[in-house]
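Me: Hi! Could you walk me through this one while I have it open?

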Amino acid sequence: MAPIYKIALIQFQPKDVSPSENFSLSASYIRKAASQGAQLAVLPEYHLTSWCPSHPDFLSSCVESCSYLSQYQSLAKELRIDIVPGTICEVHPSLSAEEVTATSSTGKDEERRVEVRNMAYFISGLTGEVVGRYQKRNLWHPEREHLTAWGKEGGRHRGFDIPGLTFPDGTPVRGGMLICWDMVFPEGFRELIGDGVELVVIPSFWLVTEDFGEGDEGERERTRRGEEEFLRGVVVTRAFENTAAVVFVNAGGLSQVGLPGVGNQGGVMGVETEEMRVVEVDLGRGRGLERRYKIREDMRGVEWGYGVYHGEERKGGSR
């Protein structure tokens, strides 16, 4: 039998610059998920800080957020549950030690500038260790002034083996992660399944009720409805076209699991609601549809005309 993976989708809108309060809420949901037999708990993007870069305390709340990764690791090991703690905004120096030394020696401004990275982690419930990490690659336009994207140095999206989760033939289930706006670019999914990924987790902070400010009220409402329809459909589309399960957990609602050959497994959650849903995911569905669609087989073939994925040696997970 193919592995059944019980996944808790934890959907809520975090409070602005309130890491401690948001962590407490998240931890309580994770404990509830574990008590219901969930094997993986997934939180939304920006779940500790919310997205409010103009707030005077946003940067300091990002600094504070870094300390919660270890707390999630302890919680995962205690409850024996895998956790994707949404995303955590991390603050890092933007200059290397050598660059700081060089800047200092020239008498220039010695203040070390920082960069903010939007990071997703996959934590194993067996060991509490981080087995997968990913820095958001495709930043939405308003994010670009405030965040640093992964990919300046190149590199492909990579997956990771999920400890303790295997198919009947003994091969490990490989997971991968994308973040919010990454979802609109099919190329990221293609790179992941080229690395054998069969479960893609996507934390998101996409508010479909946001006022777009263009056109009259009727036009703005049509745009909002259009975005809602996009989010309802794109998760299933990505699941089918990549023969992989896609887990989408969004602060703004419409969280869901897209399962190849099935559709929305467990239904679609509400818009801007706070709720948790535990969904049983049959990871064999992807392999079943692959036998029919042969998408991965085509990608490995010599006639695949959209980029070279076959014949590459697997490397470690993404930055």
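Reply: Happy to; below we go through confidence, then some strands, then a helix pair.

Me: Great. What is the mean pLDDT of the protein chain?

Reply: This is a predicted model, and the mean pLDDT of the protein chain is 89, with 88% of its residues at 70 or more.

Me: Noted. On to strand E10: how many of its residues are buried?

Reply: Six of the six residues in E10 (residues 245-250) are buried, so to speak a mostly covered strand.

Me: And which residues point which way from E10?

Reply: Ala 245, Val 247 and Val 249 point one way, while Val 246, Phe 248 and Asn 250 point the other way. Both sets are buried, Asn 250 included.

Me: Which way do E9 and E10 run, parallel or antiparallel?

Reply: Strand E9 (residues 199-204) and E10 run parallel, joined by six bridges. To find the pairing on screen, look for Pro 203, which stands opposite Val 249 in E10.

Me: What about E10 and E11, parallel or antiparallel?

Reply: Those two run antiparallel, and three bridges join E10 to strand E11 (residues 256-259). Val 246 has Gly 258 in E11 as its bridge partner. E10 and E11 form a hairpin with five residues between them, and Gly 253 in the turn has a positive phi of about 110°.

Me: Nice. There's another hairpin I'm curious about: which residue in the turn between E7 and E8 has a positive phi?

Reply: That is Gly 170, with a phi of about 95°, in a hairpin that has five residues between E7 and E8. Strand E7 (residues 160-166) and strand E8 (residues 172-177) run antiparallel with three bridges, and Asp 161 stands opposite Arg 174 in E8.

Me: Changing topic to helices. At what angle do H5 and H6 cross?

Reply: Helix H5 (residues 186-194) and helix H6 (residues 217-242) cross at roughly 40°, and their axes come within 11 Å. That angle makes H5 oblique to H6.

Me: Is the crossing left-handed or right-handed?

Reply: The crossing of H5 and H6 is right-handed.

Me: Last one: which residues meet there?

Reply: From H5, Pro 186, Phe 189, Arg 190 and Ile 193 meet Arg 238, Glu 241 and Asn 242 in H6.

Note on methods
Residues are numbered from 1 along each chain as its sequence is written. This is a predicted model: local features need pLDDT of at least 70, side-chain atom pairs count only at pLDDT 80 or more; totals for chains, interfaces and linings use all residues. Side-chain values use heavy atoms; hydrogens and water are left out. pLDDT is the predictor's confidence in each residue, from 0 to 100. Buried means under 20% relative accessible area, exposed over 50%, partly exposed in between (1.4 Å probe, protein chains only). Helices (H or I, at least four residues) and strands (E, at least two) are DSSP runs, numbered from the N terminus. Two strands pair if DSSP finds at least two bridges between them. Axes are lines fitted to C-alpha atoms, for helices over the stretch in contact, and angles run from 0 to 180 degrees between N-to-C directions. Angles under 35 degrees count as roughly parallel, over 145 as roughly antiparallel, 65 to 115 as roughly perpendicular and the rest as oblique. A crossing is left-handed if the near helix is turned anticlockwise from the far one by less than a right angle, and right-handed if clockwise. Contact means heavy atoms within 4.5 Å.
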